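Good morning, and thank you for the time.

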Amino acid sequence: MYAGSLPKALTDFKRAAELKPRSEYTALWIDILARRNNSPSELAAKAVQFDMSRWPAPIVRLYLGQATLDEVLAAAADGEAKIKTEQLCAAYFFGGELALSQGATDEAARLFRLAVDNCAKTSLPRVDALAELKALSAMP
């Protein structure tokens, strides 16, 4: 994706979804890539197989337009310290991706910076947020 090959990235994530069809994060990535490729979302159809009573269901609901970012952040802040940190990290990153898909680049950059500042140094959302911030800084 970061190398600029959206179709290949989408193919890879769809293959991952075949191997693990109940992965909410894989479904979210497919939705992100579909939005970038101006393709229709399949997230609502996929969400019926997810356990919407546990994390990361609030993020899925955000992408489906059924929750606000404030609600996601409140849900993420619930729990033990380590889990809370991981959930807030994901909430900031995926919130940034959604803002980016809606053309709100300033909000996306703010959320990506929060992910960078609050995620564990080696976490994937932090690495991805750094890549997104680099891409945003290269935009005209």
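**The largest pocket**

Nineteen is the count to begin with: 19 residues line the largest pocket, and Y25, A90, F94, L124 and P125 lie nearest its centre. A pocket here is an open set of points on a 1 Å grid over the protein atoms alone, where a 1.4 Å probe fits, with protein on both sides within 12 Å along at least five of seven lines; lining residues have an atom within 4 Å of a point. Two or more lining residues come from each of α2 (24–36), α6 (81–101) and α8 (124–137), and α6 provides the largest share, 6 residues. Helices are DSSP runs (H or I, at least four residues), numbered from the N terminus.

This is a predicted model: local features need pLDDT of at least 70, side-chain atom pairs count only at pLDDT 80 or more, and totals for chains, interfaces and linings use all residues. Residues are numbered from 1 along each chain as its sequence is written, and side-chain values use heavy atoms, with hydrogens and water left out.

I turn to the core. I59 has contacts (heavy atoms within 4.5 Å) with L28, V72, A90, A91 and F94, leaving aside neighbours within four places in sequence.

Finally, E24 belongs to helix α2. Why does E24 count as buried? Because its relative accessibility is 6%, and buried means under 20% relative accessible area (1.4 Å probe, protein chains only).

Key: Buried means under 20% relative accessible area, exposed over 50%, partly exposed in between (1.4 Å probe, protein chains only).
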